[in-house]
There are 2 protein chains.
Amino acid sequence: MSPRLRVQNFSVTRDGIGAAEDQSLEQPMGSIDVGRLHAWAFATASFPGREDGGGTRGLDDRIVADFSRGIGAEIMGRNKFGPQRGPWTDHDWVGWWGEEPPFRTPVVVLTHHPRPELTLGETTFHFLDAPPAEALAVATELADGQDVRLGGGVRILLDFLAADLVDDLHLAVAPFEAGHGLRLWRSPKDLEGAFHHESVPSPSGVTHHFYWRD
Amino acid sequence: MSPRLRVQNFSVTRDGIGAAEDQSLEQPMGSIDVGRLHAWAFATASFPGREDGGGTRGLDDRIVADFSRGIGAEIMGRNKFGPQRGPWTDHDWVGWWGEEPPFRTPVVVLTHHPRPELTLGETTFHFLDAPPAEALAVATELADGQDVRLGGGVRILLDFLAADLVDDLHLAVAPFEAGHGLRLWRSPKDLEGAFHHESVPSPSGVTHHFYWRD
């Protein structure tokens with residue numbers, strides 16, 4: 001079986017917004033209500049870093065736990081890696097995630113401003129200036145036979161969808177609207193032409209949308 | 001966090017039947033329609049042994065893929081291991097699963113007729129005559145810090161539920177009735193007193209019931 005490119009657990013609002021435009025160090029996803037956007041995941045027993053033994057163990061928990069299954073590498077945009085824009089002034093910034101980022105695989109960071117690779121715990125970030133198909137080829141090599149996760153943000157998802165490279169796409173649609181921001185779609189049906197599509201309302205209030213192609 | 005005892009992906013009919021009474025070599029679950037009972041799982045990309053690259057990749061697939069996550073041992077009843085009853089006449093029977101059973105952990109087989117342990121591929125079967133709490137202690141030791149899966153059948157689930165030993169219980173309720181057989185409950189609500197409970201209809205037609213305690 002060929003490795004697949006999978007979007008796992010990507011949260012958007014009911015109007016298709018994944019982040020605000022005004023990303024900053026203080027607000028990694030801009031002025032969108034991140035707590036509300038990701039509340040469904042934070043509440044689960046399997047959320048990374050939870051050590052209190054609590055959390056829900058229903059549908060949302062199964063989906064959060066699925067994040068790393070069969071994944072050998074991630075591709076993310078530079079805006080997911082950090083709030084800086086333009087040329088790096090230094091290499092002090094090492095991402096939002098501290099000493100042990102939750103990826104634990106190679107990560108390809110797409111940027112027009114490459115910098116030396118960076119290893120933190122079990123994660124190594126490779127900075128690459130390349131179009132989607134080339135980035136996927138690099139990540140697939142790094143994934144060593146496993147699947148590649150497309151981590152986002154919204155612009156990266158749109159680029160890879162436009163290039164017809166995405167095999168599986170899971171969105172968690174939160175039960176509120178943002179009104180403006182970085183928009184993935186106007187309606188969950190916008191993607192149906194290219195994919196099988198299942199919509200599953202979770203008791204938590206989010207609706208999970210699973211898109212896949214054969 | 002303490003290891004948990006989890007029932008994963010146990011299928012029953014809408015009237016709570018998990019198997020018929022008349023188990024035999026030809027009919028591992030008796031005269032119940034096994035294909036119909038497990039159709040939701042067979043259809044998924046992650047079903048064990050599927051090698052054609054096909055299958056669905058929506059909700060049911062996430063749940064099938066969750067079967068082994070964090071599991072270090074299984075407990076099953078003798079009737080899941082085979083159709084024989086009473087003392088073993090020989091030890092030629094090695095289970096239904098061929099050279100590489102899908103468990104890939106130690107498995108405790110509860111039986112009043114113990115026999116020598118048996119290793120097939122990555123699975124070792126340990127035959128034990130013990131009440132539920134003692135069986136769980138043995139399996140927990142074998143699981144080496146990971147969770148224990150309670151594999152069934154119905155009688156084993158009822159015994160462990162009666163002993164208040166089950167932490168997580170996932171049932172896939174198939175959209176038909178059997179009328180008679182080995183019955184887990186009359187209604188999904190029968191278990192609600194002891195557990196949190198979520199019910200999630202899948203687009204495939206089964207309804208997933210997640211029960212858990214804190």
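**The interface between chains A and B**

In this predicted model, 27 residues of chain B are in contact with 26 residues of chain A. Putting the two chains together buries about 2300 Å² between them, and carbon and sulfur atoms give 61% of that area. Three residues stand out on the chain B side: Met1(B), Arg57(B) and Arg62(B) supply 29% of the area that chain B buries against chain A, more than any other three residues.

Arg62(B) also takes part in a salt bridge. Its partner is Asp66(A), and the closest N and O atoms of this pair are 3.0 Å apart. In total, 2 salt bridges are found across the interface of chain B and chain A, and 4 residue pairs are in polar contact there, with both residues at pLDDT 80 or more. The side of chain B that touches chain A draws two or more residues from each of four elements of chain B, namely helix H3 (59-65), strand S8 (168-173), strand S10 (196-201) and strand S11 (207-212). Sorted by class, that side of chain B has 11 charged residues, along with 8 polar and 8 nonpolar ones.

A rotation of 180°, with 0.0 Å of shift along its axis, superposes chain B on chain A with an RMSD of 0.0 Å. The two copies are therefore related as by a two-fold rotation axis. The contact residues fit this picture, since the same surface serves both copies: 96% of the contact residues of chain B recur in chain A.

Conventions:
Residues numbered from 1 in each chain as written. Chains lettered and ligands numbered in written order. Predicted model: local features only at pLDDT ≥ 70, side-chain atom pairs only at ≥ 80, totals over all residues. Heavy atoms only, no water. Contact = heavy atoms within 4.5 Å. Buried area = accessible area lost by both parts, 1.4 Å probe. Salt bridge = Lys/Arg side-chain N within 4 Å of Asp/Glu carboxyl O. Polar contact = N/O pair within 3.5 Å; in protein donor to acceptor, adjacent residues only side chain to side chain. Nonpolar A, V, L, I, M, F, W, Y, C, P; charged D, E, K, R; others polar. Least-squares fit on C-alpha atoms with pLDDT ≥ 70 in both.
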